[in-house]
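Subject: Structure handover

Hello,

Here is the structure for your files. My notes on what turned up follow below it.

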Amino acid sequence: MNIIELDLAQNQQEISRLLEEHSRRMDSSIPPYQREVISLAAYENGIFVGGITGELVWNILNVHLLAVDPRYRGHGLGGTLLKELEARAAGRGCKVSELTTMSWQAPHFYQKQGYEIFGEIKDCPNEGQTKYYLQKQLKPGSPSKEVPALRTIPFKLH
């Protein structure tokens with residue numbers, strides 16, 4: 001037996017295949033493990049000012065990355081991006097959103113957006129810091145795969 005480093009995309013494909021086979025043997029009603037990525041970006045006068053990415057699997061939205069340029073923070077852009085991602089996910093049938101954040105990042109921001117902490121790892125990565133796991137129930141949306149890739153969302157700096 002050899003253990004080697006393998007290209008991420010190829011390794012994920014092989015691992016997913018094995019997991020699919022296992023799931024079908026355990027319960028044939030479990031849907032396929034299909035991932036769909038949503039990636040949204042905010043531009044002001046042609047300049048990137050923030051963005052968010054997420055992945056949909058088994059009717060769950062997993063929020064991966066969210067960042068806003070420091071000059072645009074505190075005006076609701078992060079919340080607007082998050083709500084748009086959640087709306088698109090709900091429209092595709094997602095029932096819950098989940099994410100992780102660090103104590104020095106944005107746990108309070110996410111709680112203001114309706115997320116609840118359901119787990120944590122203390123002293124990670126250093127003593128006195130915490131990694132938080134959060135979740136939020138999504139409101140059902142009208143299912144649609146036809147969501148425009150480019151859309152203007154009303155947003156104004158205060």
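Helices and strands here are DSSP runs, a helix having at least four residues and a strand at least two, numbered from the N terminus. This is a predicted model. With that counting, the protein has 3 helices and 6 strands, and their order along the sequence is α-β-β-β-α-β-α-β-β.

On contacts, take the pairs of residues at least 6 apart in sequence: 55% of these contacts join residues at least 24 apart.

Buried residues make up 30% of the 158 in the protein.

The largest nonpolar core holds 23 residues, and the members that touch the most others are I52, L61, V63, L77, L85 and Y115. Two or more core residues come from each of β1 (36-44), β2 (47-57), β3 (60-68), α2 (77-91) and β6 (130-137). The top contributor is α2, with 6 residues.

Which cysteines are buried or partly exposed? C94 has a relative accessible area of 4%, so C94 is buried, the cut-off being under 20%. C124 is at 23% relative accessibility and therefore counts as partly exposed. A search of the whole structure for disulfides returned 0.

Regards

Note on methods. Residues numbered from 1 in each chain as written. Predicted model: local features only at pLDDT ≥ 70, side-chain atom pairs only at ≥ 80, totals over all residues. Heavy atoms only, no water. Core = buried A, V, L, I, M, F, W, Y, C linked by side-chain atoms within 4.5 Å. Buried < 20%, exposed > 50% of the residue type's maximum accessible area, 1.4 Å probe, protein only. Contact = heavy atoms within 4.5 Å. Disulfide = S-S within 2.5 Å.
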